[in-house]
Amino acid sequence: MASKGIILEAHDKWAIILNEKGQYKKIKINRPVQVGELWNSTPAAAGWKIAIAAAIVLALLTGCMDYFSVVAYAEMSSGVKIGVNRWDRVVSVEASTPEADKYIQEVNLKGRKIDQAVDKVVEDTVSAQLNHSDKPLLVITSTRNDKPERERLLRMLNKKVKQHSKENKKSTTTGTGTKTEGLSTQGNQQHPDAVKLQERIREHLKYTQAKPSIKKNLIQSLPASENIEDDLEILQPTYSNSKNSEADQKPALQPEDSNKNKCTTGSKEIKNENNTAASKSKGKIESTKQYKDNQKD
Amino acid sequence: MPYPHDALENRMYEAVRAYRNGNKGVIDEVFSDVLPFCLRVASKTCDRYIHEEDEEASIAGLSILEAFEKYDPDRGSFLPYLGRVVRTRIIDYKRREKKHAVIPFSHLIHAKDVNTLVDDSFFDDIIDELDRKNEIENLRIILAEFDISFAELARVSPAQNAVREKAKQVIHIISSSPELSNQVLEKKMLPAKTLRDTYNINTKLLDRYRKYIIAGVIIMTHEFSSLAPYVLPSGGKIDGQ
């Protein structure tokens, strides 16, 4: 709004005016003025306000664009493809099958957190497919080459999916690294050596005198067993009262040469030894290979 | 003391008559009265402030003599005619300057201003400005007697509209009563007790904005017509208007 008034006192860079509201004000001036002259506020002052307003609008627009910008897709085997932004909010939903298209029209997934959306979709559509489809249950694709982001989403969604697939012994989530290439189907199949290692670990856990809590943690860290009863048997308490029992301290697996073999003292060390940022199966494969090499020696 | 518009116009008319009758020395008598008007015209034409030592100020002074020589009362008022003469001479001077070599850009006026003809309202605005300037100068002198300056008024002026309206109401009450306004002008103090008891005015308002109220009373009582509308309460009018 323009400020009007009469110049009462004029100096080089400032003046005193009596404005139309009856207020005496000291103002900055960018041109020479004379006493008695009528004063209107200059466009330069309004320019600052316009610049600030434009900056605020630009910031809001940028924020809106960022909110609707998809950074990763989560595609489920039921044909539903969910696009999420950097805040893990669903901003786009697509369908690759007629059934999925019908489903997404009935259920509003936009705006939800990705774990809630995936949970909902899996609960509604995929449960029936668990035992039938050989395709991965969930595939994460990122629009940028952002592996840590994909792995973070995988870990988060893995828990949700596993809740619906307790009876399914296959690993059901995976991730890919490119924007345009297709889906990976390797993630739901384990390396044969990894499977064997897991079986040996289970067999070992059956007879070890370790604390039940330790056994439970180990069992939970392994993929779901084909025979759930074996897992339950392992979890039966076999812990002895003596804390200093020799059996507790004696490691079950002891290779002949401890210097050559790093995986020597049981599954706990295997787990610790392979505690890297890479997937657990990969770490176990490496330890398995090393164990086999040592066995040959 | 500078003359108000009408008084100046009448004075100049009389001076031209005297000049035509042979009294050449009358120009010296009116020169200082009419020079501010000529300088303001030159300033508006050049779009910058003109100092008395500038070349344009000399041209404006010479234009007064030319106007006295060539003015015809049948063509209208003297001051607008004088303004046109000053403006024409300034424009001619600028055009001659352009033909020379190095001229600072700040001294050049815009082509639009050079070629645009102006009507009498251009000079009327300048005359109004001079009238306002006269009033403001008188106000400043009177406020100095009350130990009040414009800078101080800018500091103590009420910022909120509601408070300012209340202060304007007090100004109106005091200036409407000869007794109260005389008390303010003579004793240089506000009649706080009377205002509190009779008009139920908050003494805190009177204490905090005393100088603002006194300045408003001075403007109203001395009939500074250019400034009075700014200190009246919203929707109020001064007597006779």
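A residue counts as buried when its relative accessible area is under 20%, as exposed when that area is over 50%, and as partly exposed in between, with a 1.4 Å probe and protein chains only. Take E97(B): at 18% relative accessibility, E97(B) is buried. This residue belongs to helix α4 of chain B, residues 78-99; helices here are DSSP runs of H or I with at least four residues, strands are runs of E with at least two, and both are numbered from the N terminus.

A word on the model. It is predicted, so local features need pLDDT of at least 70 and side-chain atom pairs count only at pLDDT 80 or more, while totals for chains, interfaces and linings use all residues. Residues are numbered from 1 along each chain as its sequence is written, chains are lettered from A, and side-chain values use heavy atoms, without hydrogens or water.

Back to E97(B). Its side chain makes a polar contact of 2.8 Å with the side chain of Y93(B). A polar contact is a pair of N or O atoms within 3.5 Å; within protein, one must be able to donate a hydrogen and the other to accept it, and residues adjacent in sequence count only if both atoms are side-chain atoms.

Now S234(B), in the segment after α13 of chain B. Buried or exposed? S234(B) is exposed, because its relative accessibility is 60%. The C-alpha atoms of S234(B) and E165(B) are 7.3 Å apart, although 69 residues separate the two along the chain.

Next, the interface. Contact means heavy atoms within 4.5 Å, and 24 residues of chain B and 21 residues of chain A take part. The buried area, which is the accessible area (1.4 Å probe) that two parts lose on being put together, summed over both, is about 1,900 Å² between chain B and chain A, with 63% from carbon and sulfur atoms. There are 8 residue pairs in polar contact between the chains, both residues at pLDDT 80 or more. On chain B, the helices that each supply at least two residues to the side touching chain A include α2 (26-46), α6 (120-145) and α8 (161-176).

Last, chain A. How many helices and strands does chain A have? Chain A has 10 helices and 9 strands. Of its 297 residues, 35% are buried. Among contacts in chain A between residues at least 6 apart in sequence, 48% join residues at least 24 apart.
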